[in-house]
Amino acid sequence: MVVASPNLSKTEKIRDIEIPIIDLLADRSEVSKLIVQACEEFGFFKVINHGIPHDVITRMEQQGYEFFAKPESVKQQAGPANPYGYGSKNIGLKGDIGEVEYLILQTNPLSIDHKSKTISSTDPNKFSSAVRRYVEAVKKLACEILDLMAAGLGALDPSVLSRLIRDVESDSLLRLNHYPKADDGATPPSSIGFGEHTDPQILTLLRSNGVDGLQISLDDGVWVPVNPHPVSAFCINVGDMLQVMTNGRFLSVRHRAMLNSYKSRMSMAYFAAPTLDARISSLPLLLTPQKPPLYRSFTWAEYKKAAYSLRLGDSRLNHFKARPDADENST
Ligand SMILES: C=C1C[C@]23C[C@@]1(O)CC[C@H]2[C@@]12CC[C@H](O)[C@@](C)(C(=O)O1)[C@H]2[C@@H]3C(=O)O
Ligand SMILES: O=C(O)CCC(=O)C(=O)O
Ligand SMILES: [Fe+2]
């Protein structure tokens with residue numbers, strides 16, 4: 001169903017589709033198949049029975065709430081976010097703005113401990129242990145999902161994707177976003193919390209506090225809300241690097257977060273990334289003479305540098321095409 005919303009810009013439409021919910025305890029080969037299908041069709045899916053203990057999630061959420069409830073001057077001690085730390089309204093380094101405050105953390109244990117001291121001077125250990133346990137759990141889940149994807153793609157080596165993010169030196173990030181309640185009275189609200197973009201990394205694992213806001217763009221101009229139910233689910237999305245490694249078979253889909261009219265929203269995103277020197281290219285098993293590489297090979301450091309030199313909504317992958325002038329539909 002497509003419903004035009006009077007409160008969004010005239011060209012915007014909202015479509016009511018439910019993105020797949022995948023039970024990770026179901027038959028392994030069936031799960032692999034469903035994950036591959038979801039990544040090809042939507043670039044997004046939700047997982048339930050993911051094995052992340054409830055208390056690991058609630059402790060992390062509690063630390064997030066406590067942090068965002070602090071006075072602005074205290075939160076700023078963890079900033080500015082250039083690119084890690086606390087930020088408010090300004091997103092990235094190129095002038096993007098949104099109705100959001102956030103905290104971006106590097107996920108290696110040393111850096112978590114170091115940053116925690118600027119976040120809580122009275123009890124830094126409470127914050128750092130909640131983040132460490134959460135990061136350890138979501139990293140394990142990310143590896144499991146990447147292994148299921150590799151199997152579903154027919155890879156002989158099941159860890160061909162997950163080994164990229166396992167290294168302690170991996171460039172993975174944890175981001176906490178806090179969106180205020182919309183005050184425009186519109187239903188659905190028209191204010192953008194976090195503007196449209198794709199995630200540059202390999203895979204994103206997102207939890208939200210049960211409040212709506214995330215939307216994905218499947219076709220030009222049509223937005224699909226991703227509701228946060230079931231509450232125990234994690235929302236998973238393909239990042240730009242996975243689109244490159246699958247030679248365009250999996251989609252790194254544009255998404256955005258809108259404000260909610262009734263409640264403030266908190267989301268926690270784990271961005272699974274490789275090490276800076278990792279070389280990214282299409283998996284050989286997905287290449288054929290009819291399907292040559294869509295992208296040239298590059299390092300994650302090169303891609304990251306390009307990402308930070310561009311605006312939030314820019315298409316970064318276009319800069320890494322193997323044949324920049326080729327017609328997209330001809331491949
Ligand atoms: C405008 C920007 C913000 C961003 C870096 C970028 O230059 C382009 C990508 C943005 C993004 C989106 C996903 C993640 O939230 C993020 C941390 C990332 O790795 O890429 C953000 C960056 C950011 O907010 O610093
Ligand atoms: O808050 C959300 O639901 C989306 C956040 C997001 O897309 C991001 O942090 O990259
Ligand atoms: Fe995102």
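**A chat about a predicted model**

Biologist: Okay, and where is isoleucine 145 found?

Modeller: Isoleucine 145 is found in helix α5, and, leaving aside residues up to four places away in sequence, isoleucine 145 touches Ile35, Leu203 and Ile236.

Biologist: How far apart are the C-alpha atoms of isoleucine 145 and serine 111?

Modeller: Those two C-alpha atoms are separated by 26 Å, and the two residues are 34 residues apart along the chain.

Biologist: Which residues have the most contacts inside the largest nonpolar core?

Modeller: They are Ile35, Ala142, Met149 and Leu203, in a core that has 83 residues, and the largest share of this core, 13 residues, comes from α5.

Biologist: And what does alanine 142 touch?

Modeller: If we do not count residues up to four places away in sequence, alanine 142 touches Ile165, Leu203, Leu205, Tyr270 and Ala272.

Biologist: Let's switch to α4. Which residues of that helix are buried?

Modeller: In helix α4, which covers residues 109–119, the buried residues are Ile112, Lys115, Ser116 and Ile119. They lie on the same side of α4, because they cover an arc of only 115° around the axis.

Biologist: Why do residues three or four places apart point the same way?

Modeller: An α-helix has 3.6 residues a turn, so residues with that spacing end up pointing the same way.

Biologist: What do the buried residues of α4 pack against?

Modeller: They pack against α2 (54–68), β6 (96–106) and α5 (124–152).

Biologist: New topic: is aspartate 240 buried or exposed?

Modeller: Aspartate 240 is buried, since 21 other C-beta atoms lie within 10 Å, and this residue is found in helix α7, which covers residues 240–245.

Biologist: How far apart in space are aspartate 240 and proline 200?

Modeller: From C-alpha to C-alpha they are 4.7 Å apart, although they are 40 residues apart in sequence. Pro200 is also one of the residues that aspartate 240 touches, along with Thr198, Asp199, Ser252, Arg316 and Leu317, when residues up to four places away in sequence are not counted.

Biologist: Now the ligands. Which residues come nearest to ligand 1?

Modeller: There are 17 residues around ligand 1, and those that come nearest are Pro83, Gly92, Asp199, Tyr308 and Leu312. Two or more residues of that shell come from each of β6, β7 (173–179) and α8 (300–308), and by class the shell has 10 nonpolar, 2 polar and 5 charged residues.

Biologist: And which residues are around ligand 2?

Modeller: Around ligand 2 we find Arg175, Asn177, Phe194, Asp199, Leu206, Ser208, Gly213, Leu214, His255, Ala257, Ser267 and Ala269. The elements giving two or more residues to this shell are β7, β9 (203–208), β13 (255–258) and β14 (265–272), and the shell divides into 5 nonpolar, 5 polar and 2 charged residues.

Biologist: Last one, the whole chain: how many helices and strands are there?

Modeller: The protein chain has 8 helices and 16 strands, and buried residues make up 40% of its 331 residues. The radius of gyration is 19 Å, which agrees with the value near 20 Å that a compact globule of 331 residues would have. Among contacts between residues at least 6 apart in sequence, 72% join residues at least 24 apart.

Key: Residues are numbered from 1 along each chain as its sequence is written. Chains are lettered from A and ligands numbered from 1 in the order in which they are written. This is a predicted model: local features need pLDDT of at least 70, side-chain atom pairs count only at pLDDT 80 or more; totals for chains, interfaces and linings use all residues. A residue is buried if 20 or more other C-beta atoms lie within 10 Å of its own, exposed if 12 or fewer, and partly exposed in between; C-beta atoms are placed from the backbone. Helices (H or I, at least four residues) and strands (E, at least two) are DSSP runs, numbered from the N terminus. The arc is that of the directions from the helix axis to the C-beta atoms. Two residues are in contact if their C-beta atoms, placed from the backbone, lie within 7 Å. A residue is near a molecule or strand if its C-beta atom, placed from the backbone, lies within 6 Å of it. Ala, Val, Leu, Ile, Met, Phe, Trp, Tyr, Cys and Pro count as nonpolar, Asp, Glu, Lys and Arg as charged, and the others, Gly among them, as polar. The radius of gyration is taken over C-alpha atoms; the globule rule is 2.2 Å times the number of residues to the power 0.38. A nonpolar core is a set of buried Ala, Val, Leu, Ile, Met, Phe, Trp, Tyr and Cys residues joined through C-beta atoms within 7 Å.
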